Amino acid sequence: MTGATDNQWWAMSATYNRSLILKKQLDQREIHNFVPVRHSVIVKGTRKIKKTMPAVANLIFIYSSQEKIKALKAEYSYLQYLIKKADGKSMPIIVPKDQMRDFITVANSTDDNPTYLSPSEIDLTKGERVKIIAGPFAGVTGIFKRIKGSRDRRVIVAIEGITAVAATSIPLAFIEKA
């Protein structure tokens, strides 16, 4: 088990859709964080405005120590742990560093709007575990399967119980079984 001073990726909720506001504040304080976003075009009158919006409402990942997370929770009353049940207890969700690195890589791809999936939209037990060996996603590990609304199979990186992101089409030559 990691100590209270070890940095980890914490899955958090910034209630009332304040994740982008909190992200900006954490960026100013140089606290590493990540909010999955999507880009939308909104028409106001005759103008088209490109707007960045959270892909998953209220979700923010913060890379920090347990001590600093507790201090942030005290400072920002709307910041809450995302929890999972384990052995009858509620435990904060901590995302492994490798999994978070892969998730961020796919989410920040050159594709303007990566495909985000909710846990109910995808059954990862039916896919094949693969590793991408070449191209912009080299080193990413995920599940290779077809998703609803797509003709081809994609590599999906999931944060269990929270969300998943699907990479754009990847040539089969770039993929090997993990």
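This is a predicted model: local features need pLDDT of at least 70, side-chain atom pairs count only at pLDDT 80 or more; totals for chains, interfaces and linings use all residues.

S11 and S12 run antiparallel to each other, joined over 4 bridges.

Now zoom out. Which sheet do these two strands belong to? An open one of 6 strands, and the order is S10-S14-S13-S12-S11-S15. The pairing is antiparallel. Look at the edges. There you find strand S10, residues 115-117, and strand S15, residues 175-177. Each has a single partner strand, so one side of each is left without a neighbour in the sheet. From one strand to the next, the twist averages 40°.

What packs on this sheet? Helix H3 does, and it touches S10, S12, S13 and S14. The direction of H3 makes about 130° with that of S13.

Next, the largest pocket. It holds about 510 Å³ of space. Which elements give two or more residues to its lining? Helix H3, at 97-107, is one of them. The strands are S9 at 94-95, S11 at 128-132, S12 at 141-146, S13 at 153-159 and S14 at 163-166. In total, 29 residues line the pocket. If you want to find its centre on screen, pick Gln99, Leu124, Ala158, Ile159 and Glu160, which lie nearest to it.

Let's move to another strand pair. Strand S3 covers residues 37-44, and strand S4 covers residues 47-54. These two also pair in the antiparallel sense, over 8 bridges.

One last stop: Ser13. You'll find Ser13 in strand S1, residues 8-14. Is Ser13 buried or exposed? The relative accessible area of Ser13 is 11%, and the cut-off for buried is under 20%, so Ser13 counts as buried. What does Ser13 touch, leaving out residues up to four places away in sequence? The list is Asn58, Tyr78, Leu79, Gln80 and Leu82.

That's my tour. Over to you for questions.

Note on methods:
Residues are numbered from 1 along each chain as its sequence is written. Side-chain values use heavy atoms; hydrogens and water are left out. On a 1 Å grid over the protein atoms alone, a cavity is a set of points where a 1.4 Å probe fits but cannot get out, and a pocket is an open set with protein on both sides within 12 Å along at least five of seven lines; lining residues have an atom within 4 Å of a point. Grid points are joined across faces, edges and corners, and a volume is the space filled by probe spheres set on the points. Two strands pair if DSSP finds at least two bridges between them. Axes are lines fitted to C-alpha atoms, for helices over the stretch in contact, and angles run from 0 to 180 degrees between N-to-C directions. Contact means heavy atoms within 4.5 Å. Buried means under 20% relative accessible area, exposed over 50%, partly exposed in between (1.4 Å probe, protein chains only).
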